[in-house]
Amino acid sequence: MLVVQQAWRRLRRRLRTGPVYRWRYTGRTPERVLIAPPDLRLADPQIASEIYHGRFPFAGRMVEAGGQSPFQLDVAHRGWLEALHGFRWLRHMHAADSELATANARALMADWMASHGRRIAGVAWDPAVTARRVIAWLQHSAVVLKGADFAFYRQFLRSLSLQIRYLRSMAPEMADGEERLRARIALAFAALSLPVPTPVLRHATRQLCRELDRQVLPDGGHVSRSPHAVLELLADLLPLRQTYANQAEAPPGALVGAVERMLPMLRFFRHREGSLARFNGMGVTVHDRVAAILRHDDTAGAPLLHAPYSGYERLALGTTTVIADTGAPPPPELSHEAHAGCLSFELSSGRTQVIVNCGIDRFGADDFRPLGRATAAHSTATVNDTSQARFNLSGRLCGLLGTPLVAGPRTVDCRRHDGDGRHGFRASHDGYLSRFGLVHERALALSADGGVLDGVDRFLRPGGIPSGGGADRVALRFHLHPDIALAEGDKGRLVLAASNGETWTFACAHARPEIEESIFLAGIAGPVRSRQIVVYLAPDERPELHWRLSRMGASEA
């Protein structure tokens, strides 16, 4: 079904870029830009200097133009091309605040309009890339047009209006998810920033509200279940809300409500030291980016503890924070970033990250992406070395479908148990039921002072019956942050020591934990070697494991 939908959508998009539809993208050119919306994304003037010298550091790749136009280079890395044609790098030129940077930005924009402005094809005109480019051109129009001659000014407006009409036509044909919502955001920005008839603004606002109501869940999460999507969308929605106000237009209720729900949800995913939990497409966290977004959260209160619509739980007592994935995967069309990590968790203590998921390297080799999405890269259980979900990795279909999650847990049950000064929950998923006849159930409970996390993992047959024995082999994995040193202690315990002197111990009943190699894919400088605690349950053992993580000096009562 997904194959048919994607093929049909691709056909309609191809028709809309052909000569039959091309006439729809012509029309009146606006006379001026009324307002330049703000940009909340961090800017680095040093990158403007690199660009001036012909070096383009995008998407984790440094490409040297060697005196050529960057838009004419034959670069195979799609992420780099999308970043180049998306023009978000204009913010660095803006931050440089110099005539040289302004002239360079204008020259590069003129170069793009000459080489790609009229031929609607390729990465440059992918609707998602076009949406990002429209937003960036509007946000930094003031710096680009500063000192520009009349010919460039008209060329800029003519190209911008063409892109807007094209995006308006393509938005309904875009795949569901974050990029379709961003296209609606871009069209709302355009209707506010350019002199357009009132019905155009009303239509853009109405379509935006429809997508917001559909994609932003009641608890503030995104339908893709990705923390990264929440962060990225807020970076666009907050300036859009401000632009409505700057134009003396009341921001629509759907926009205001979405922002007010998403800001607390971003806090929900955030550990005390600033990193976002590594679930469903989240890699490295740029702390300043998160802080810049959260400065707009007027409540600045404690994060949510229970996000039932997004499928996450948060235990937070003392200085300890536990964030757990307790939800079913999103539908296939929304699962291109989804991980097979149901019932995985992360634990931090103050500014120390202890238990983590491996995360992903968003700018690394494509071969690493499936590794980071697999169940074994998460702090949860695997059965017979298989993932609880499967992804489309077919070479034939990747070009059409991408790599969505095509099979995984269908039923995930979660119940919160708070009381007696403790936070806890019990959850289960059936991701291994069809293949191995097993349901994984996990219960976590955090003590009142945050010093002890008790866990119980069970593997049951349908109906809650213990699995007994059989040929199945279960591995419970606890991935450690690279900054945590791991050593063997007394009485079968393992000692987890942080560089700041904080120490935790891991112990479990009826099984001996083992120390194995791991890899932390979400390092700020790329993948980093780390360690993991692995507990294996042999077929003839009782399929239930009680384990405990204790901070040294904490009460274990």
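Visitor: Let's start with leucine 371. Is it buried or exposed?
Guide: Leucine 371 is exposed, because its relative accessible area is 52%. Exposed means over 50%, buried means under 20%, and partly exposed is in between (1.4 Å probe, protein chains only). This is a predicted model: local features need pLDDT of at least 70, side-chain atom pairs count only at pLDDT 80 or more, and totals for chains, interfaces and linings use all residues. Residues are numbered from 1 along each chain as its sequence is written, and side-chain values use heavy atoms, without hydrogens and water.

Visitor: OK, and where does leucine 371 lie?
Guide: You'll find leucine 371 in helix α15, which covers residues 368-373. Helices (H or I, at least four residues) and strands (E, at least two) are DSSP runs, numbered from the N terminus.

Visitor: Switching over to valine 75, where's that one?
Guide: Valine 75 sits in a loop, with β2 (61-64) on one side and α4 (78-86) on the other.

Visitor: Why does valine 75 count as buried?
Guide: Valine 75 counts as buried because its relative accessibility is 17%.

Visitor: Which residues is valine 75 in contact with?
Guide: If you skip its neighbours within four places in sequence, valine 75 is in contact with Val63, Trp80 and Leu81. Contact means heavy atoms within 4.5 Å.

Visitor: How far apart are valine 75 and valine 63?
Guide: In sequence, 12 residues; in space, valine 75 and valine 63 are 8.4 Å apart, going C-alpha to C-alpha.

Visitor: Now the strands. How many residues of β12 are buried?
Guide: Strand β12 (residues 423-429) has 6 of its 7 residues buried, so it's mostly covered.

Visitor: Which way does β12 pair with β11?
Guide: β12 and strand β11 (residues 412-416) are antiparallel, with 5 bridges. Two strands pair if DSSP finds at least two bridges between them.

Visitor: What about β13, how many bridges join it to β12?
Guide: 7 bridges, and β12 and β13 (residues 439-446) run antiparallel. Histidine 423 has leucine 446 in β13 as its bridge partner.

Visitor: Last topic: how many disulfides?
Guide: The count is 0, where a disulfide is a pair of cysteine sulfur atoms within 2.5 Å.
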